[in-house]
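Let's take a friendly walk through a protein model, stopping at a few places along the way. Keep the sequence and the 3D view at hand.

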Amino acid sequence: MGLLGYAGRIAIYFPRFIIDAHPDKIFTSWRSLLQPDVLQYLPAQGTTPTERLASGEFMCTKRYCTNGIYVPPQCMPNGAWFGRCREMWHVTPDYSIGVNEQRIFDLGLPLVVVYLGNRFLPLVEQCLQRQDPTRTCLFFYWTPETLIGMYPVERVNFDPPRPGSWASWNNALAVGPDVKLTVDWDTDLLHKIAHKSVRETVPPAWSMFRSVIFSDADILQMLASVTSTDNLDMIACDWVKKNEAVWKTWIPPAPTDLVSRYTPLLPPNQVSIGLHALYGILLVQLAITSIALYLFRRDAKVRIQSPILLSAALAGAFIQSTAVMLKQWAPSNCSVAPHFIAIGWCLVQVAILLKVWRTYYIFFNLRISTVIYGRLFTLKVTTKHLLATGAVLLVAVLGNVIIKFLMAPLTPEMRALSATQFTNACTMRITPLGIFGEWSWVMFQLHIAGGALWMSHKTKGVVSLYNEHGPVTYATLCQSAVMVALNMLTVLGEAVDPHVLVIVTTLLILLGSIGAVAV
């Protein structure tokens with residue numbers, strides 16, 4: 001895709017403050033490293049301990065290292081510079097393997113290489129911040145990088161590489177007479193790379209990326225502002241605000257035959273108005289019923305209907321209906337809303353199941369007891385016992401909900417509707433595990449609903465105050481049919497138009513909730 005604009009450069013550096021403090025001396029040529037009046041500012045050989053690994057071994061175990069440090073022949077006993085050599089700091093021997101060491105060997109520089117590992121940045125930053133005109137440091141590093149962007153430094157120049165200078169370089173032979181290296185590093189021209197499908201599928205994006213170019217000054221300016229990884233977005237945003245004239249040239253003219261327009265999942269039309277009207281009816285139902293339950297909570301006719309269970313069913317209907325509307329109001333929440341829809345369903349179904357169980361238990365005069373560890377436990381249907389049973393059922397249901405959403409998670413994505421329109425959608429990745437999770441959830445729902453329907457059928461002939469058999473059966477079927485249909489639609493999600501899917505899903509849940517509340 002072309003060059004990125006700025007280049008990558010490896011070098012050894014002096015802090016600029018030492019150069020400014022001694023304008024009569026040259027620090028930026030490799031030959032200055034042979035001058036005692038320049039070397040005097042560097043730490044003497046043996047000043048800085050080299051890094052060790054967690055095992056206790058020296059970081060540098062290569063054949064040219066002695067006690068974890070590269071010491072050239074001129075710095076060893078009987079060497080021409082013995083006792084006068086100075087330190088150059090390096091990060092790790094695995095960076096630019098053997099290059100610095102071979103240059104020191106071939107040019108006879110009185111330097112030893114100390115590998116500092118994790119201590120490199122703290123020590124170099126301490127040296128750069130100290131700005132002591134009587135002592136400094138010489139270190140290996142590269143640009144672009146935050147360290148070079150944050151502190152003023154000057155590179156030490158070696159002879160420029162000639163064509164073929166690096167062709168014979170072999171770091172496996174370093175360091176010694178079998179290979180030779182005296183020239184500077186090559187400048188690395190950084191390229192932009194993308195998959196070829198970008199050019200074929202999104203030509204405007206390909207064209208824009210080809211035009212993106214940052215200068216050395218641009219990247220160093222941004223790097224100089226970096227104080228931690230927490231402010232990277234702010235730095236990039238600030239650059240965009242200040243350099244509109246630069247990045248505007250990257251954006252290609254819009255293709256005359258491609259206009260992509262966002263279409264909401266539930267656009268403001270008659271269908272949307274109708275669904276919101278249904279939601280409004282449900283809210284009115286919930287408000288009236290909740291107020292009535294509270295006002296007449298001590299009435300005998302209300303108390304026999306288990307007002308706590310009725311309140312749980314109302315809460316469940318509110319949660320699942322509001323969750324499905326939330327998907328329309330904030331499409332990015334589509335992966336969260338199903339959790340709340342399932343929780344609402346749990347509350348409604350468990351409340352219905354316990355309510356019909358209470359009727360079944362009382363009218364059939366059941367006396368279910370069991371002996372556990374020598375103690376007699378009798379199953380009762382007081383409010384306290386029903387709540388305890390409901391809590392157990394809810395834990396089981398919520399456990400299944402968690403398993404289902406772990407096995408078959410939904411993820412928001414942008415879905416193309418046509419060549420000129422796109423929308424937000426939420427789809428399940430079709431995998432064997434995901435399909436198994438969906439069907440496991442359906443079977444669990446059917447078991448819960450089946451229990452309520454069976455006991456409702458058993459109490460069909462029971463004469464009660466409000467003839468509960470019909471309403472309970474209707475409410476159970478409403479909720480079960482809705483949830484089974486929703487699971488089928490989830491599996492078929494990618495094959496169904498997103499607008500049709502969201503309308504059907506919303507309509508089913510609202511109708512199911514209204515039916516359950518009407519009971």
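Which backbone oxygen lies 3.2 Å from a polar atom of the side chain of T50? The backbone oxygen belongs to G68. Before going on, note that this is a predicted model, where local features need pLDDT of at least 70, side-chain atom pairs count only at pLDDT 80 or more, and totals for chains, interfaces and linings use all residues. Residues are numbered from 1 along each chain as its sequence is written, and side-chain values use heavy atoms, leaving out hydrogens and water.

Back to T50, which sits in the loop between α2 (36-39) and β2 (65-66); helices (H or I, at least four residues) and strands (E, at least two) are DSSP runs, numbered from the N terminus. The side chain of T50 also has a polar atom 3.0 Å from the backbone oxygen of Y115. T50 counts as buried because its relative accessibility is 12%, where buried means under 20% relative accessible area, with a 1.4 Å probe and protein chains only. Leaving aside residues up to four places away in sequence, T50 touches F58, N67, G68, I69, V114, Y115 and R119; such a contact means heavy atoms within 4.5 Å.

Now find helix α3, residues 99-107. Seven of its nine residues are buried, among them V99, I104 and L107. The buried residues of α3 pack against the strands β1 (3-15), β3 (69-70), β4 (86-90), β5 (111-115) and β6 (139-143). After α3 comes G108, with a positive phi near 65°.

Key:
Buried < 20%, exposed > 50% of the residue type's maximum accessible area, 1.4 Å probe, protein only. Polar contact = N/O pair within 3.5 Å; in protein donor to acceptor, adjacent residues only side chain to side chain.
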